[in-house]
Amino acid sequence: MSEEDWEDLPQPVVALLREVAVLLDRLVREGEPEAIDLRALPVMTPEDLESFRDALGTGEVHATVTALGETTVRETAFPAVWWVTYYGADGDIVAERIEVARVPDILVTQEADMGAGLRALVEALPEPREGGPAAPEGPSIRWVED
Amino acid sequence: MDEPQRLGDFLLRRGISRRAFMKFCTAMASAMAMPPSFAKSMAKNLESAKRESVIYLSFQECTGCAESLTRSHSPTLETLIFDFISLDYQDTLMAAAGRAAERAKEEAIKRAGPGGYLVVVDGSVPLGAGGAYSASGGKTSLQILGDTIENAAAVICVGTCSSFGGIPYADPNPTDARSVSQLMEAGKVPSKPVINVSGCPPIPVVIAGTLAHYLTFGRIPELDHLNRPKPFFGETIHDRCYRRPYYEEGKFAQAFDDEGARSGWCLYELGCKGPITYNACATTKWNGGTSFPVESGHGCLGCSEPGFWDGGSFYKPLSAGMLGDPGTLGAAAAAGAAVGAGAAWAHRRRNARAKEEG
């Protein structure tokens, strides 16, 4: 967007962009991630939302998570400001947020999932062959029930 | 193998990833209009929460409410709630029948102990003919309700029938049907905290969200004057309707096939009950977020309000029928926003009066 385009932005869009700036400032200073629920905003016209999207632009990362329907995670032109859309299994939008964080939570591998993954991998591996190299001595497997 | 008691462990055992779980919490926080940071604390609380035992009772009802929650073929966020609870009795869904089913219910109640389980009620309870209109296993619905809720932590009324009487309660109410709250007020069943999740049927995410809120905090959410959870019933359909700008401009469709209807004008004059109906249809929508009645071109019937079936014609504008005061509201077409608020206020007053009169 050109400088003139920024001058012409509708008032609700400017207010929302200011809020994003406040949250980004908090992340920079205190490391605290925050989010804005786009569906909880007072009625914004589809045109307002579109110019908000244009103003934020597109960044380097675009990821899709497939867990109970898709979630699209799109970095905006402003690093650490993400546009995250959560879809239900039927393709409907169940939540849409601006997340201000190093990495949105939905992308980060959770500890419990790591434990489950390790267990699944070890169970799937064939027994070490006799005389072959020994299995690696990793940390003991953590499973939530322990 | 014993099932894990902690919800987090149980979900992991069921192969539900933490990302799916986070997504559920984000969607619920958004649907409940909670601050975005709430999703994280909800996930943290829920993970270590106990899987609550739930007994689901069906009385005079059409099963549309259970259908609303279970309608989907693919696993949805709403149906995930079934993994969060231990549904120990639901006579339509459970494999067991007859004595085995009743035994499962009794054992679940005993295992959970006093205050350790929730009861979901779907349908109204008839008192006519000694309760003979609705009975099973030799017990009337009134007896079953009384016995089951005696030690319950709370009762969640799913649907307008259990919340306010619904269609069975409609004039002339041939079975002498009552809502759960009416039975408690009359001392016919033990009094317990009641949450009314009304709607004919209620929106799936509202049922799931109310349960999720209880599981997260271990207490019932803030309720409105009719015991409905405020996060979902805090605003009218009219408040959040996408046709609202036309109402403000005084542009009203006069027939379902006229130019105004085709242009998406307000359906007030065609009998829409949106201004007096508290529900979340306009924001959460139906059928996987496709639309809601007003978006499909039909006015709101007001199905989450008490007595919606007896409110006069569905096709008469509010000013002409439901409020019985055409003088005050007749100028609706020109008056704009204040009318919506006025109609809502008048309706609340009417409901409050109906409640007092019991």
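Tutor: Chain B holds 18 helices and 9 strands, where helices (H or I, at least four residues) and strands (E, at least two) are DSSP runs numbered from the N terminus. This is a predicted model, in which local features need pLDDT of at least 70 and side-chain atom pairs count only at pLDDT 80 or more, whereas totals for chains, interfaces and linings use all residues. Residues are numbered from 1 along each chain as its sequence is written, chains are lettered from A in the order in which they are written, and side-chain values use heavy atoms, with hydrogens and water left out.

Turning to the interface, contact (heavy atoms within 4.5 Å) involves 32 residues of chain A and 26 residues of chain B. The area buried between chain A and chain B, which is the accessible area (1.4 Å probe) that two parts lose on being put together, summed over both, is about 2,500 Å², and carbon and sulfur atoms give 58% of that area.

Between the chains there is 1 salt bridge, a term for a side-chain nitrogen of Lys or Arg within 4 Å of a carboxyl oxygen of Asp or Glu; the salt bridge joins the side chains of Lys40(B) and Asp105(A), at 3.3 Å from N to O. On the side of chain A that touches chain B, β1 (34-37), β3 (70-75), β4 (81-87), β5 (93-100) and α4 (111-124) of chain A each supply at least two residues.
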